[in-house]
Amino acid sequence: MSKVILVTGAGRGLGTDIAREALAAGHQVVATGRRPDEVEKTLGEPQDNLLVAKLDVTSPEDAASAAQAAVDRFGRIDVLVNNAGNLFTGYFEEISPAQMRRQFETNLFGPMNVTRAVLPIMRRQRAGHVITITSTAGLVGMEFTSAYAASKFAAEGWMESLRHDVEPYNIHTTTVEPGYFRTELLVDGSTTWPELSIDDYAPRTAPRIEGMKSMNGRQPGDPAKLARALLTIARQDKPPHRFVAGADAIEAVEAKAKVLLAQAGASRELGGSLAYDETHA
């Protein structure tokens, strides 16, 4: 069954693969990006099933306009894929407050802006599916990723709670935690390096940056396969609330789950004894 799918960040990386695979599968696609001319160039010739719209996810006005354009063209929005994002990386003290705020503006408030524009449409339809791409870093904190992980952890909490808000209106939610995929996240324009420099961190910062740069183009995950997996999920009557994508991501999440269980167990004696003692009230 053909669906109307709105994809953010469709001008490059995973967003382009999602748009292409959706079009190939016969869906109607609203491909959005900050520079719509680049989205059009990337996706090729105009198509009846394709609408390209300008959308800077940090702009609520852009989000409202893109959602309305989708309805004007195709009559509805069945699936929203919150894909647009970027990476501010570095040790916490070397990331400026302004950089931290910009990371949250794109990775958290961005998808919130777009979802806020789309949900009234889905509620009127009494049907819809919100898919938000976070990261393995949204579940597992790692060195040199405090800003990125913080924004993705926040997106995880938002999506996990949003599920309960919208379930009564037959709106599904899926949070996607990819591992390392061969997208364009590690290229200039998507990755921002630390703005500050602290001598204590210097011996670790330079090798970290070089290591991340050298990883670009060598990530194990195939973004086209991930795009097809997301379309499979979008077709399901009962899609999963969470989809861990990539063998590396699954391994990391399983390890984190074991650590959490161990920490809960270790906390049981002290942490479980903190109830108010009514006999001494």
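1. Helices (H or I, at least four residues) and strands (E, at least two) are taken from DSSP runs and numbered from the N terminus.

2. On the basis of this note: the model is predicted, so that local features need pLDDT of at least 70 and side-chain atom pairs count only at pLDDT 80 or more, while totals for chains, interfaces and linings use all residues. Residues are numbered from 1 along each chain as its sequence is written, and side-chain values use heavy atoms, with hydrogens and water left out.

3. On helix α1: this helix covers residues 13–24, twelve in number, and spans 17 Å from its first C-alpha to its last, close to the 16 Å expected at 1.5 Å a residue. The expected span is 1.5 Å times one less than the number of residues. Ten of the twelve residues of α1 are buried; buried means under 20% relative accessible area, exposed over 50%, and partly exposed in between (1.4 Å probe, protein chains only). Among the buried residues of α1 are Leu14, Ile18 and Leu23, as well as Asp17 and Glu21.

4. Helix α3 (residues 60–74) packs with α4 at an angle of about 35 degrees, and their axes are 8 Å apart. Axes are lines fitted to C-alpha atoms, for helices over the stretch in contact, and angles run from 0 to 180 degrees between N-to-C directions. The contact (heavy atoms within 4.5 Å) is made by Pro60, Ala63, Ala64, Ala67 and Val71 of α3 and by Asn113, Val114, Ala117, Val118 and Ile121 of α4. These residues divide into nine nonpolar, one polar and no charged. Here Ala, Val, Leu, Ile, Met, Phe, Trp, Tyr, Cys and Pro count as nonpolar, Asp, Glu, Lys and Arg as charged, and the others, Gly among them, as polar.

5. On Gln99: this residue lies in helix α4 (residues 97–125) and is buried, with a relative accessible area of 2%. Leaving aside residues up to four places away in sequence, Gln99 touches Phe88, Glu94, Thr192, Trp193, Pro194 and Glu195.

6. On salt bridges: the structure holds ten of them, each being a side-chain nitrogen of Lys or Arg within 4 Å of a carboxyl oxygen of Asp or Glu. Arg35 pairs with Glu38, the closest N and O atoms being 3.2 Å apart; Arg35 is partly exposed at 39%, and Glu38 is partly exposed at 39%. A salt bridge also joins Lys54 and Asp62 (2.8 Å, N to O). Lys54 is partly exposed at 45% relative accessibility, whereas Asp62 is buried at 15%.

7. Glu143 is in the loop between β6 (128–133) and α5 (146–166), and Arg208 is in helix α6 (residues 202–215), 65 residues apart. Salt bridges that share partners also join Glu156, Glu160, Glu177 and Arg242 into one network.

8. On Ala247: this residue is found in helix α8 (residues 247–271) and counts as exposed, at 65% relative accessibility.
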